[in-house]
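This report describes a few local features of one protein chain for a reader who has not seen it before. The sequence and structure come first, and the notes follow.

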Amino acid sequence: MRSEQPTCLARRDDPQSQLAADEIARNRGAVDEVALKTARAAGVTDTEISEVVGNLALNILTNYFNIVADTDADLPVVTPHDHG
């Protein structure tokens, strides 16, 4: 089941890399140049952007495999933390 919650693909302690991760995930990789320039200007490196894309691709692949294999979720239910 797909969640509408933002993904956590970047360092939790770095809001700029988290914003880049959210932008990449929400737009399925189709990130415009302005968003990339904004992220880079905020200090997000090309290495971090590449890492986010790689982690996102791995998570998608894992999710697809689990859907096809009908894998049972044996992890405890997690309630999102309210950062507000």
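D70 counts as exposed because its relative accessibility is 64%, above the 50% cut-off. The model is a predicted one. D70 lies in the segment after α3, and its phi is positive, about 55°, although D70 is not a glycine. In general, most residues other than glycine have a negative phi.

R28 also has a positive phi, near 50°, and is a residue other than glycine. The place of R28 is the loop between α1 (15-26) and α2 (33-41). With a relative accessible area of 73%, R28 is exposed. The table sets out the two residues.

| Residue | Phi | Relative accessible area |
|---|---|---|
| R28 | near 50° | 73% |
| D70 | about 55° | 64% |

The helix that D70 follows is α3. Helix α3 covers residues 46-69. It has 24 residues and reaches 34 Å from its first C-alpha to its last, close to the 34 Å expected at 1.5 Å a residue.

Which residues of α3 are buried? They are E48, I49, V52 and L56. Residues three or four places apart in an α-helix point the same way, because there are 3.6 residues a turn.

I60 is partly exposed, because its relative accessible area of 37% falls between the cut-offs of 20% and 50%. Together with Y64 and I67, I60 forms a nonpolar patch on the surface. The accessible area of I60, Y64 and I67 together is about 340 Å².

Note on methods. Residues numbered from 1 in each chain as written. Predicted model: local features only at pLDDT ≥ 70, side-chain atom pairs only at ≥ 80, totals over all residues. Heavy atoms only, no water. Patch = residues over 30% accessible without salt bridge, like charges linked within 9 Å, V, L, I, M, F, W, Y side chains within 5 Å. Areas by Shrake-Rupley, 256 points an atom, 1.4 Å probe, with all protein chains shown as cover. Salt bridge = Lys/Arg side-chain N within 4 Å of Asp/Glu carboxyl O. Helix = DSSP H or I, 4+ residues; strand = E, 2+ residues; numbered from the N terminus. Buried < 20%, exposed > 50% of the residue type's maximum accessible area, 1.4 Å probe, protein only. Expected span 1.5 Å × (residues − 1).
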